[in-house]
Each structure stands twice: as C-alpha cells, then as structure tokens.
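Please open the structure in your viewer and keep the selection panel at hand. The stops below proceed from the contact between the chains to individual residues.

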Number of protein chains: 2
Amino acid sequence: MIRPGAPERRYAILAEGWFARNHAKTAHGLIRYGQDEVACVMDSALAGKHISDVLPDLGRDAPIVGTLDEALTFSPTSILVGLAPPGGRLPEEWMETLKAAADVGIEIVSGLHQRLGPEFPGKPVWDVRDPPGDIPLFSGEGFGVGPRVALTVGTDSAIGKMTATLEIERAAREAGLSPEFVPTGQTGVIIAGWGVCVDAVVSDFVAGAAEQLVLEAAKPSPDLILVEGQGSLGHPAYSGVTLGLMHGSCPDCLILCSADPAEEVFRGVPRPSPARVARLYEEVAALIKPAPVVAVSLNTRGMEEREAQNLIAAVTDETGLPAADPFRGSAKPILEAILQAPKRSVIGP
Amino acid sequence: MIRPGAPERRYAILAEGWFARNHAKTAHGLIRYGQDEVACVMDSALAGKHISDVLPDLGRDAPIVGTLDEALTFSPTSILVGLAPPGGRLPEEWMETLKAAADVGIEIVSGLHQRLGPEFPGKPVWDVRDPPGDIPLFSGEGFGVGPRVALTVGTDSAIGKMTATLEIERAAREAGLSPEFVPTGQTGVIIAGWGVCVDAVVSDFVAGAAEQLVLEAAKPSPDLILVEGQGSLGHPAYSGVTLGLMHGSCPDCLILCSADPAEEVFRGVPRPSPARVARLYEEVAALIKPAPVVAVSLNTRGMEEREAQNLIAAVTDETGLPAADPFRGSAKPILEAILQAPKRSVIGP
C-alpha cells in the first residue's frame, strides 16, 4: 500500500530562479540524497552552468538548463517541482512548462499543498502529499517490530530532522549496515520514492500511518529503521503531527535535532533548551513505550567553525549526550549512540 | 465559517435496538445537553414507552416509537443517526429508513465516519464529521483571546471529557455566568449545532481548527470558554489530536478527566496516574503557554457510592487538586477552581 515497487525515475528538476536558494530544499535534497537519477536542473538564470559550479556540497553533478526543450535532450522521465513558491500557488509560467512536459509524456512530481493531478487530467502526476486512502488506525502491531527503530525529534520544526536522518542512514551504510529510511514529509518521500506525508493525513490516522510505515520498512529485515521526524513538541502549529508520529512509530530511541537556541519557534515562543525538551520527549514517549534520547544532532549552518564547535560542546555539556553536526562533520557519533541503545520491548510507563 | 446561524432542529433520534445501551451515547448526549428539540426516539424494541421510562437520568422526555410513520407524526425536521454501528457501516434497514425520511424532506444528521451525503444526492444531509474546507494554519491569534479558556484533558480517551465540559457549562449557567462550550467531536458538535470534529481534520490544521473554534466562541464575549478535549496524551492512537487541540486552543487552565486507574488505555499500556499525567500536560502546554491543571473531573460510573467517594478522596490526595464527579455530584468545585485560575497572557516557557 505505502511502498509500491519504486519506479526508477530520471528527474528534470524545475527550480526556475530559485535553484541557488534555501527555498529549493526539495531539489537540493533529491540531488544529495536521492536514489533516482538527476538528468538536469531547470533555472534559466544559471543556464550553462553545472550543479557543481553552484552548490558543490550537494555531491552530485548534472547540467543546468534554461528551457524545457533543452531539458528534454537529457531524457528525463519526470519533472520535479523543486520548491514551494512563496504565494502557495505555482506561477502561471511554471504551469505552462509543466503542461508542455506532460503533453510529451513526462511525469509531473510535486510535493506542494496545491494538488496538480486535477490540473492535468489523464496525465501522469505524482502528488506526493496525497496520502493513501486506506490508512488504518494505530493497532499496536508496531510494538513488535524486530529491528531497532530510531526517530528524529526536534527543538523546533524546519531544523534539519530529515537531513540528520539521511546523514545517519549514510553513516550506517558506510559502516556496512543495511538501514531503512522512513520518509514522512514531502522531500523525504520524493528522495526515497515512497512514504507518507503524515502532516497531510487526517489527524485520527497519523499514528496509524506512522505505524504502517515502520511495519513496511521492517519487511526486508534491515539492521536499523531510521524514521524522519516532523515538527516539534514545542511548536504550536505542528506539535500534534510530531506526537502522532512519535507514538505511532513506536521508536526504541530518539535523536534530538537542535540549532541556534536564540531563535524563536513561533512569535513569542522561544526554542526550548535541548535538555529540557529531551526530558519531555522521553516522558511523553514513556507513557506508551520508553524511548531515551541518545544523541543530539545540531544544525550549525551559517556558523563559523569555532562558533559551531562551541555550540556542540555546550549542548554536550548541558545534556550529557553525544552531540554532532552530521552535515558539517560526521553522523558516526550519533549512529554509535543509536546502536548502543537497547532494543525495547517494554510497553507502558 | 465554523458557526453558521444555527438552524433550529427538531430531532427524531434513530437508535433502533440500541437506545438503552451505552453505544447510543450521541443520542443520550443530545437528549441531556442539546439545545434543539427532541420530537421522538425510534427504537421498536421500546416502542410505546417514553425516554423517562428507560433513561430517567437524561432529564428530558419524549415518546419512543417503532416506525418512521409514527415518528413523522411528531413533526421532526431532522433524523439523527444516534450511534456508531459495530461494523462501521450502517445496516441496510437503517439506510432504507433514512432514504424514506429524506424522500419526505427530513434532514439527515450523522456523526459517522462513513459519510452519508454521497448516499443521498440532492437531499439535505449534515455529515457532522466533514470539516470545513477553509481551516487555516495556527496563527497565534488565539493567544490574545479575551475570556478565560479552560480545556478538558484526560488520562485516557472515551473517559467523559465531553460530559465533564458540558456539566461545567451547566454549572456556570446555574451560577449566572455566560459560558461558551466549544465542540470538538461529533457528539459535541451535534449537541451544540456547530463546531469541528478535530480528529477528522488533516493533521497540519488541527491546531488551526482549535484556534478558530476558540476565536469563534470568544465573539459574543462570554465569561468563560470551555473547550471539549479529545483523546489523551497517553493514548498511542489519538495523542496527536490531543496535543494539536491543546496547543491550538491556547487554554489558560486545564481540567484533568480521569476514571478507574486500573483500566488499560491500550493493550499493555496502563492509564497513567492523574498526578503524573497532570504534570506532563502542564509541562507540554508550557512549551507554548503556561496552563495549570486546576481540578480533576472523575468518571465514577458503575461504582458504588462509597467506592466513588474513596476514588475522589484518593485523587484529591494524590494530586493536591479539587476532584469531583460532575455527573454523580456537582461540577461546582471544578467551576470554582477554573474561575480562580489566573487569565494567562504569558507566552513561552
């Protein structure tokens, strides 16, 4: 139901005018972490360059082109809408590009709230945020999953939980393990080619969706299941999604994702300290099944090296937990903490 | 959007074969707490009796009839599907009754997951669980609501949060206050004639729905806003709904609903103690806006008087909070605790 036989896609990534900016995080995520091929990026402002000229950190290369006709010369199977436009709805020029692509049989892939399927009747469209129709209520079957399950949680939303999870997955592969990444948001789903955007699921079924995802990930008997977290226990708009995902995925341990503590979660609401919110995540998890926070993953983007190292040291000190920025450095310390955590079969407080 | 000018309904309550049982809680709730008129109850096993013969505690009377034809002699405007059938889908006989009612212009009102609108095209159907289409994300506007906001929370789901909230509302009216009840579940919405079933809302929008409901309830400047809670922080299937509702409704204080602590929330998961879970609710609320638990509302249904009093005394002892069963006794001690709680304008931990 949730993980179809993943089609092999070859993407043209539409990021017109935005490729070099943070808003294109779906595009960047697919390039850095995706299994599918990247045929080209479409951004006329950067046409003629390559990805490696603009964003060498992404670690994969492909040409950047200015038009759909050029993009088609690289034989894409699919065109990705690589960002959420500021106004919410796609600009008219993009719709025309997508229509032209659909007309020559290219699949449209979109993680937008705005659904594109109805705009292109009869054409292949993957609206990534559309949840499957048959999600059951949480059943408790997830309590019995064999492999160790780790979930990323955060002091805030949009703080790098997906990136942390994918970097831990990469570190696990490098260590010779076979991990499974469980995608729960649009970029994660596009990267992995399967999953459910849990924030788009009717709230009664969020825990059930999380449970089904973990059960699906357990099928090939991986060494480790790494669940992408969403939102934050301390974000007023998204905390319900966070908690449904936490209880539904029945994790054995948690990785707390944090960043600059001086920022606000929401107007007037500061980011809680890692130690405080780690204890709260543990206590709320333990109402159902104990899951200790075993490490802190820090997002130090934009910081000087010394500033980043100071933050990492301060958080290690405050929490008594291993802390690292897996993007700046390595996810190995976090992976080791996960592997040392006991597999929990205890249910109840 | 959320509270239309409430039409005045006069209900025939369809509860065929089930009226005397707990499963008919929507029917019972409407009779005890609803503002709308009750024309009659339809249950052929009890035809010829009155509500007061069967369930005198409900405090309102109407005839019980066996057929739709008899029901129509009491001039209903609407027919309520008064319970959730065990299999999830309505039995065929009921569908026939509803069809016959719809054919003579009677409105169908249903709180079922199964939507009835598509079954009766062109007929007036109120599918209570259908959320409005225009719910925004949580905005923070709820932080500024004028009247004091109290929310019921629970040690478990299905533990009497709606009943507690409505009994507190009744006590407030009896004390000469003008309270507003905020309905968040199907029975509450049917009773009040407005509201949103938050568990049927896409999870990203649960907090926004809760905020909009409170803003709507604040419009007539009531003395007090009483928000019906859902689920429990400690129920794995519904905790996300609970937390979205808690953060989204921006309460000033919480009333903890509890019952026999020996029961299980879910297989293997016991009900947490009132003191433990009260502290957790407070800590999680305080990530956004402080909201103390000011009283415990106990559901002692089925207990002997002495057993009930012992439980009330034990919980008062354990929590240091006023505790009462508002159904068995009075909600006055709980109302007083709410009125003594400070109106909070503090945001953040």
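Select chain A and chain B together: about 3700 Å² is buried between them, and carbon and sulfur atoms give 62% of this area. Buried area here is the accessible area (1.4 Å probe) that two parts lose on being put together, summed over both. In chain B, the residues that lose the most area to chain A are Ser203(B), Asp204(B) and Leu287(B), together 16% of what that side buries.

The model is predicted: local features need pLDDT of at least 70, side-chain atom pairs count only at pLDDT 80 or more, and totals for chains, interfaces and linings use all residues. Residues are numbered from 1 along each chain as its sequence is written, chains are lettered from A and ligands numbered from 1 in the order in which they are written, and side-chain values use heavy atoms, with hydrogens and water left out.

Next, select the contact residues, 47 from chain A and 47 from chain B; contact means heavy atoms within 4.5 Å. Between the two chains there are 4 salt bridges, each a side-chain nitrogen of Lys or Arg within 4 Å of a carboxyl oxygen of Asp or Glu. To view a salt bridge, select Arg279(A) and Glu283(B), whose side chains meet at 3.0 Å, N to O.

On chain B, now highlight helix H7 (206-218), helix H8 (239-249), strand S12 (269-270) and helix H9 (274-286), each of which supplies at least two residues of the side that touches chain A. Helices (H or I, at least four residues) and strands (E, at least two) are DSSP runs, numbered from the N terminus.

How are the two chains related? A rotation of 180° with 0.0 Å of shift along its axis superposes chain B on chain A, with an RMSD of 0.0 Å; the superposition is by least squares on the C-alpha atoms of residues with pLDDT of at least 70 in both copies. This is the relation of a two-fold axis. The same surface serves both copies, since 100% of the contact residues of chain B recur in chain A.

Move to helix H7 (residues 206-218) of chain A and select Glu216(A). Glu216(A) is buried, at a relative accessible area of 13%; buried means under 20%, exposed over 50% and partly exposed in between (1.4 Å probe, protein chains only).

Finish at Glu169(A) in helix H5 (residues 161-174) of chain A. Glu169(A) is buried, with a relative accessible area of 11%. Leaving aside neighbours within four places in sequence, Glu169(A) is in contact with Pro179(A), Phe181(A) and Leu226(A).
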